[in-house]
Amino acid sequence: MIFKSLLTTTLLVTSLFALSAQEIAQRVSDRDEGDNITSNMKMILVDKSKKIRVRDLKVYTKNRGTDTLKLMFFLTPADVKDTAFLTYDYEDSNLDDDQWLYLPALQKVKRIASSDKSSSFMGSDFTYSDMTSRNVQDYSYKIMKETKAQGHKVWQLLVTPKSQKIVDETGYTKSIMFVRQDNFVVIQALNYIKAGNKLKYMMVKDLELIDGIWTVKEMQMVTKKGKKTLHKSVFKFSNIKYNQDLDESLFTTRTLQRGI
């Protein structure tokens with residue numbers, strides 16, 4: 001039994017070291033993130049003067065084959081209440097992800113154009129593009145080194161877009177990602193912004209195993225220019241529930257206008 005356990009551990013370690021950068025990226029993409037998920041989300045925005053704004057949301061997520069559907073409703077404060085956001089995140093890299101934003105003041109659903117996806121999502125440091133997953137095929141990958149981050153062994157990957165279209169859509173010329181070796185979760189990233197000589201630092205602050213699924217409970221994005229912090233956004237998730245009864249008909253632009 002001891003020999004078998006040691007052999008299994010050795011094979012696992014050997015297989016991890018044998019992975020290419022592309023294979024690591026694919027493992028990140030293929031990681032089980034659950035299905036039929038409901039959660040509460042708190043968006044905390046901090047400006048350069050350390051003034052804080054807080055927004056509360058309800059989030060619904062459903063897998064449709066290899067594609068992911070996500071619906072977000074702003075609950076508070078009053079100036080964003082009933083604003084809603086819908087995303088169709090396609091696995092096929094030949095398809096552009098579909099995104100719609102409902103603005104209650106205008107009583108209108110706005111489709112997010114590809115040219116607008118690098119802009120701020122609701123005043124946060126996250127862009128509309130950040131609200132969807134990256135298609136593995138759209139990037140080139142290189143293992144920079146194996147190191148430690150947040151007390152865990154990680155691969156440090158250089159991630160470079162293969163086309164100008166992806167640069168324009170994401171707003172990033174390249175990224176450095178830190179991938180935990182034990183669970184293939186990206187726990188940190190440094191994103192180079194194509195304009196303004198600025199950097200965005202993403203960090204997962206709270207990661208928990210819920211129902212067998214590694215779940216991000218808190219993450220932040222900080223925009224810096226040199227050593228100066230320009231803005232910070234924190235997303236906190238609570239009351240996370242998997243395997244809920246979510247019908248695909250929920251994820252429509254009509255629901256954006258109607259509400260839940």
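Q: Is aspartate 56 buried, partly exposed or exposed?
A: The model is predicted: local features need pLDDT of at least 70, side-chain atom pairs count only at pLDDT 80 or more, and totals for chains, interfaces and linings use all residues. Residues are numbered from 1 along each chain as its sequence is written, and side-chain values use heavy atoms, with hydrogens and water left out. Buried means under 20% relative accessible area, exposed over 50%, and partly exposed in between (1.4 Å probe, protein chains only). Aspartate 56 has a relative accessible area of 24%, so the class is partly exposed.

Q: Which residue meets the side chain of aspartate 56 in a salt bridge?
A: A salt bridge is a side-chain nitrogen of Lys or Arg within 4 Å of a carboxyl oxygen of Asp or Glu. For aspartate 56 the N to O distance is 2.6 Å, and the partner is lysine 42.

Q: How many residues apart are aspartate 56 and lysine 42?
A: Helices (H or I, at least four residues) and strands (E, at least two) are DSSP runs, numbered from the N terminus. Aspartate 56 is in strand β2 (residues 52-64) and lysine 42 in strand β1 (residues 37-47), so the pair links distant parts of the chain. Lysine 42 is partly exposed at 32% relative accessible area. The separation of the pair is 14 residues.

Q: What separates lysine 165 and glutamate 169 along helix α3?
A: These two residues form a salt bridge, with the closest N and O atoms 3.6 Å apart. Lysine 165 is partly exposed at 45% relative accessible area, whereas glutamate 169 counts as buried at 12%. Both lie in helix α3 (residues 164-170) and are four residues apart, so the separation is about one helical turn.

Q: Which residues do salt bridges that share partners join into one network?
A: A search of the whole structure finds nine salt bridges. Another of the pairs is lysine 217 with glutamate 208, at 2.9 Å from N to O. The network made by shared partners consists of Asp96, Lys165 and Glu169.

Q: Over how many bridges do β11 and strand β12 pair?
A: Two strands pair if DSSP finds at least two bridges between them. The hairpin of β11 and β12 has two residues between the strands, and aspartate 211 in the turn has a positive phi of about 50°. Strand β12 (residues 213-225) pairs with β11 in the antiparallel sense, and the number of bridges is eleven.

Q: Which residue takes a positive phi in the hairpin of β10 and β11?
A: Strand β10 (residues 186-193) and strand β11 (residues 199-210) are antiparallel, with five bridges. In one of these, asparagine 191 is the partner of lysine 200 in β11. Five residues lie between the strands, and the one with a positive phi near 90° is glycine 196.

Q: How many residues of β10 are buried?
A: On its other pairing, β10 is antiparallel to strand β9 (residues 172-180) over seven bridges. Valine 179 has valine 186 in β10 as its bridge partner. β10 is mostly covered, and of its eight residues the number buried is seven.

Q: Which residues touch the most other members of the largest nonpolar core?
A: A nonpolar core is a set of buried Ala, Val, Leu, Ile, Met, Phe, Trp, Tyr and Cys residues joined through side-chain atoms within 4.5 Å. The largest one holds 52 residues. Those touching the most other members are Met41, Met43, Met72, Phe121 and Phe235.
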